[in-house]
Amino acid sequence: VEAVHLIADGKAPRIPQPKEGATYEGIQKKENAEISWDQPAAALHNWIRGHDKVPGAWTTINGQVVTFYGSSLLDASVPAGQELAIKGASRPGLVTKNGLVIFGNDGKMVLVRNLQFEDGKMIPASKYFSADETTALELTEEEKKMAEDIR
């Protein structure tokens, strides 16, 4: 009640807010979103989910910065997949048909659905090893004729 009366009378003390810590901008920096691998799976999931979409939780794979998007906790047996060495992780990840499975220091798993590379290219995590493969588009004779007509 006293505080309300001080405000109403115009006598409440005014303390300017310090500039340091006055914004969330510092949290949104990419360099602050690197994944620390010495954590349980739930903490890894929360870290990735908390940085999804901006700025994106990231790590280094094969010397390249890779950003993780779309994580979920995985409560099942370890799926079959191709191993992927991740810098700082105590155990390699697994590229499976559903995405990239990563492991917390508690042995539990997190499934990551999408990966983004430094050049901005985003792929489903399940396609990590086939990301470099390119297929040439081959047109049938009918499609070639249609392409010529369109030109």
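Select β5 and β6 to start: they form a hairpin with five residues between them, and Gly-107 in the turn has a positive phi of about 85°. Strands here are DSSP runs of E with at least two residues, helices are runs of H or I with at least four, and both are numbered from the N terminus. The model is predicted, so local features need pLDDT of at least 70 and side-chain atom pairs count only at pLDDT 80 or more, while totals for chains, interfaces and linings use all residues. Residues are numbered from 1 along each chain as its sequence is written, and side-chain values use heavy atoms, with hydrogens and water left out.

**Strand β5 and its partners**

Stay on β5, residues 99-103. Five of its five residues are buried, where buried means under 20% relative accessible area, exposed over 50% and partly exposed in between, with a 1.4 Å probe and protein chains only. Strand β6, residues 109-117, pairs with β5 in the antiparallel sense over four bridges; two strands pair if DSSP finds at least two bridges between them.

Three bridges join β4 to β5, and the two run antiparallel. They form a hairpin with two residues between them. Here, Val-95 stands opposite Leu-100 in β5.

**The nonpolar cores**

Next select Phe-68, Leu-100, Ile-102, Val-112 and Leu-115. Of the 21 residues in the largest nonpolar core, these touch the most other members. A nonpolar core is a set of buried Ala, Val, Leu, Ile, Met, Phe, Trp, Tyr and Cys residues joined through side-chain atoms within 4.5 Å. α2, β1, β2 (64-74), β5 and β6 each supply at least two residues of this core; β6 gives the most, with four residues.

Centre the view on Leu-100. Leaving aside neighbours within four places in sequence, the contacts of Leu-100 include Phe-68, Leu-84, Ile-86, Val-110 and Ala-125, contact meaning heavy atoms within 4.5 Å. A second, separate core of five residues includes Val-101, Phe-103, Met-109 and Leu-111.

**Aromatic rings**

The structure holds three aromatic pairs. Rings of Phe, Tyr and Trp (its six-membered ring) pair if their centres lie within 6.5 Å; planes under 30 degrees apart count as stacked, over 60 as edge-to-face and the rest as tilted. Select Phe-117 and Tyr-128, a tilted pair at 6.1 Å centre to centre with 35° between the planes. Phe-117 lies in strand β6 and Tyr-128 in the loop between β7 (122-124) and α3 (141-150), 11 residues apart.

Tyr-128 and Phe-129 pair edge-to-face, 5.1 Å centre to centre with 85° between the planes. Which of these two is buried, and which partly exposed? Tyr-128 is buried, with a relative accessible area of 12%, whereas Phe-129 is partly exposed at 34%. Ring pairs link Phe-117, Tyr-128 and Phe-129 into a cluster.

**Charges over rings**

Move to Arg-91, which lies over the face of Phe-103 at 3.8 Å from the ring centre. Lys-53 lies over the face of Tyr-69, at 4.4 Å from the ring centre. The criterion is NZ of Lys or CZ of Arg within 6 Å of the ring centre and within 35 degrees of the ring normal.

**His-51**

Finish at His-51, in the loop between α2 (41-50) and β1 (57-61). His-51 counts as buried, at 9% relative accessibility. The side chain of His-51 reaches the backbone oxygen of Trp-47 at 2.8 Å. Beyond neighbours within four places in sequence, His-51 is in contact with Asn-32, Ala-33, Gly-56 and Ala-57.

Key. Polar contact = N/O pair within 3.5 Å; in protein donor to acceptor, adjacent residues only side chain to side chain.
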